[in-house]
Number of protein chains: 4
Amino acid sequence: MYHATRKKVHILLHPELGETKWDKTVNAFIIFLIISNVLVVILETVPSLHDKYLTFFYYFDLISVIIFTIEYVLRVWSSDHDPRYKHTFFGRIKYMFSAEGLIDLLAILPFYVHVIVGLDLRMLRILRLLRFLRLFRLTAYMKSAKMIRNVFVKRASDLKLSVVLILILIIIASSIMYFAEHTAQPTVFSSIPATLWYAIVTLTTVGFGDMIPVTIIGKVMTGVIMLSGVAIFALPAGIITAGFLEEVQHLRGKKTIKCPHCGESFHLEQQHHEH
Amino acid sequence: MYHATRKKVHILLHPELGETKWDKTVNAFIIFLIISNVLVVILETVPSLHDKYLTFFYYFDLISVIIFTIEYVLRVWSSDHDPRYKHTFFGRIKYMFSAEGLIDLLAILPFYVHVIVGLDLRMLRILRLLRFLRLFRLTAYMKSAKMIRNVFVKRASDLKLSVVLILILIIIASSIMYFAEHTAQPTVFSSIPATLWYAIVTLTTVGFGDMIPVTIIGKVMTGVIMLSGVAIFALPAGIITAGFLEEVQHLRGKKTIKCPHCGESFHLEQQHHEH
Amino acid sequence: MYHATRKKVHILLHPELGETKWDKTVNAFIIFLIISNVLVVILETVPSLHDKYLTFFYYFDLISVIIFTIEYVLRVWSSDHDPRYKHTFFGRIKYMFSAEGLIDLLAILPFYVHVIVGLDLRMLRILRLLRFLRLFRLTAYMKSAKMIRNVFVKRASDLKLSVVLILILIIIASSIMYFAEHTAQPTVFSSIPATLWYAIVTLTTVGFGDMIPVTIIGKVMTGVIMLSGVAIFALPAGIITAGFLEEVQHLRGKKTIKCPHCGESFHLEQQHHEH
Amino acid sequence: MYHATRKKVHILLHPELGETKWDKTVNAFIIFLIISNVLVVILETVPSLHDKYLTFFYYFDLISVIIFTIEYVLRVWSSDHDPRYKHTFFGRIKYMFSAEGLIDLLAILPFYVHVIVGLDLRMLRILRLLRFLRLFRLTAYMKSAKMIRNVFVKRASDLKLSVVLILILIIIASSIMYFAEHTAQPTVFSSIPATLWYAIVTLTTVGFGDMIPVTIIGKVMTGVIMLSGVAIFALPAGIITAGFLEEVQHLRGKKTIKCPHCGESFHLEQQHHEH
């Protein structure tokens, strides 16, 4: 009976496994609680709402933490039902240090640290942002999530290189711009680290306009940098698009050749030779 | 004879069906009327034009509504010629609640509500924007419309997930930026909802420059957020591009293998195994 | 001999045809003259240079026009060597009204109109911008030009639809923003045509920051518009990318199946069924 | 023994060849030295750090140059082990003028020029930026580097044409905008070269907001230019994406057909017919 209960709890808290009405209701409630927690953290920062609903926000937070704590304890307890965390003791420890387990812990931990150690209230609020991490659980329910994750995982080394190239371009751009503009605008382009802001804002094409070159050499160099930025920043987009196409074509990769002469059909299998 | 007239009217108002000169003339006139209505709504807001052509705008609107009303009534009446709306009574009701029917109704309804209930003139003007929805009918004539719609429909779940990811990134970014900048600029980054504006403007790379971080931590976090934004915002672009390629290749998907041994050729059919 | 001369002139002025050293020298000189004309038109607008090199600019322009005129006359004269403009008289007229012929005429015409009619000097300068059109001749020498042109031609109907969708989005966005912001900022968002500027600047993600919404509804609507803009503006990029892939794969489309059993190989032809 | 030492040194300085612990340690140290040199050049520009760590920065630079010099001398000496630079004397000269050799020389040369000729200190600092070029060596270790380089090399002619088109668009745009805005804002849009800055900032969608059109014609022209910019700037992105897909599909190009009739399978080879 202990095992049966544990199994039920495990399924209850893993919506992708359960299919009864009860499983779905619990799941919908947890999702609702995550979203409303995020909304409360956001709305609490509006001064007028903060003053008006102070008590409501306090009790909402308290009740949320209690429910999230119960959920967390039950998840840890029932985790050894999962084949990945089989062992009675070490399996649960392993679950606690998995990404899933840590995200859930980080959503409640700040509250207890506050109660015990007496955390600064401002710090507590910032740490409650960690509850936002649970938003990512929402994406777990979507079928496309696996596909998008695949794209990023399979193309990881290409994406890593394009990030390195972007960083090198940013560093070179800010150094050039520092030497081009420092003499003309010593307080604006005050140092290379300060000019990094200009380089990032320009290369991502955000262009706030708070730092603007005034010298001809500064403008010419910015022009060259912006145009090279178009090519370099097209890299991650190109890699992701290529990755998507790979995934889409992988899903429908099996081709069947129908031979009209003998009426039989045979498969045209695509072997992937990744080097 | 009743059926023949109804059929003629139906074809007359569905330009993709009709091919006579008369059908095309009526259709071109309706398109002209839709575009000139949009232009009038736009130009009417220019104070100098509004005062000068007040009477013209009034009669133009009146006549447009009358024509659109006649068109709408005829469309509803002749709709049971369409196999989707076969039933004499319920078919017409069904048509009225179809996207096509509702758009046409919304283009004329505000005028009648104004006449009967005495709507506020300003409200009437805003509601006349609903007439812009008829602009989408222009795209219905284009062959590519079906293809683009297909891309969005088939890739809907991927696009939905990328929208969710973008929203999560925006929420997390604005929360981080609020805590980074609130102390330094309490009136600019006044609350997380106010900082949402900063996050959207920055992540879409619009960068108006009305809210700019001044602290080092705020600038560093913005840099990190902007660079992650490059990858996340590449997702919808990548999905749409992949979808287009799928459509294009789908159209010319049938491959023929010509066997040189027996001289006959057979088709290489692609079976789509979507999981 | 007349025909031989005409043929030589024709080849001389069509660098893609000629291969002798003399052909290439003439061609390089014309390219040099086009680029230096563009540079002169640009540099002439710098006040300090304009005053200093007034005489030089005048004679440079005069000599350029004389050379371009000789080139134009010779091109028209030798055009009937081209099979497209065979007819002795009408062939030449047809050439004069071809894109190529008109661009060359527009590069010299303003000068003669100025001499004869006494064009305003400012107007003459503006019309000299037409000489920039000859820059496009530079691209004609590149092999890739045909491919890029193919992409735009084959995907024309898809691109046209995406342009229509972008225009509809711009019109709807500026109407919504006008009604959202007009009351709060009557001089900035003064009319829908004035708000078109805001919509284009925002949707192309340029974001100058000269018009910024201040109301909550205006900011929320801008957020929605910007995020839909990401999807709509990804359309032309996706169409062009898909078109490129089509072209690239078209070039290497023929697949050969090598049968190891009989040692013979046969082609796997791809039939294009464009609907 | 001389050859053995030279071979060992060669492998030691070419991390992709060596596999012993010692090789990897030396390599990691050189990478660490490159990155810390870049950091020092960047941090040195922060006034507070510059004054505080003046002596540290001086000795760090001195030691770095000494190590880089030793590395450079050893690389040149051992270069004739590389089959590309076989010849005892000319092979080494050839290596010194290879991209790799020049980058390494440029990282140390400014220091010696300064010591001998007595270079201006400011100039020395700027020249030390050349040391940043060694950052590109970091990318050499990544497998993806070859793929990304391939994309740029194979699609070079297409990319070149898109750069030419972008430059033509920028030149035409700035000329049009100069004539549209010069009269209204003679100090802002003062000449076509000055307006080039506006055209680049707008077409790359950076949009700083330091130059903004005020005339209706200027705004309309900017709108047209921005919308054409969307298509033209999609070209390099499309070319790069198509190139990536080519590379990815090239890697797994071999298809195997399994014949169910005789049980044997044979390869479906893709022949690339590039024209």
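**Close-up views of a predicted model**

Across the chains of this predicted model, the count comes to 44 aromatic pairs over all chains.

View 1. Tyr85(B) sits in the loop between helix H4 (54-78) and helix H5 (90-96) of chain B, while Tyr95(B) belongs to helix H5 itself. The two residues are 10 residues apart, and their pairing links distant parts of the chain.

**View 2. Chain A is assigned three domains, listed here.** Domain 1 covers 2-142, domain 2 covers 156-233 and domain 3 covers 235-269. In the contact between the latter two, 8 residues of domain 2 of chain A meet 5 residues of domain 3 of chain A.

**View 3. Domain 2 and domain 3 of chain A bury about 480 Å² between them.** Of this area, 76% lies on carbon and sulfur atoms. On the domain 2 side, Leu159(A), Ser162(A) and Phe233(A) supply 58% of the area buried against domain 3, more than any other three residues.

**View 4. A closer look at the polar contacts and the helices of this interface.** Between domain 2 and domain 3 of chain A there are 2 residue pairs in polar contact and 0 salt bridges. Helix H10 (156-181) and helix H12 (216-251) of chain A each give two or more residues to the domain 2 side that touches domain 3. H10(A) provides the largest share, 5 residues. By type, the residues on this side divide into 6 nonpolar, 1 polar and 1 charged.

Technical notes:
Residues are numbered from 1 along each chain as its sequence is written. Chains are lettered from A and ligands numbered from 1 in the order in which they are written. This is a predicted model: local features need pLDDT of at least 70, side-chain atom pairs count only at pLDDT 80 or more; totals for chains, interfaces and linings use all residues. Side-chain values use heavy atoms; hydrogens and water are left out. Domain bounds come from an automatic or database domain assignment. Contact means heavy atoms within 4.5 Å. Buried area is the accessible area (1.4 Å probe) that two parts lose on being put together, summed over both. A salt bridge is a side-chain nitrogen of Lys or Arg within 4 Å of a carboxyl oxygen of Asp or Glu. A polar contact is a pair of N or O atoms within 3.5 Å; within protein, one must be able to donate a hydrogen and the other to accept it, and residues adjacent in sequence count only if both atoms are side-chain atoms. Helices (H or I, at least four residues) and strands (E, at least two) are DSSP runs, numbered from the N terminus. Ala, Val, Leu, Ile, Met, Phe, Trp, Tyr, Cys and Pro count as nonpolar, Asp, Glu, Lys and Arg as charged, and the others, Gly among them, as polar. Rings of Phe, Tyr and Trp (its six-membered ring) pair if their centres lie within 6.5 Å; planes under 30 degrees apart count as stacked, over 60 as edge-to-face and the rest as tilted.
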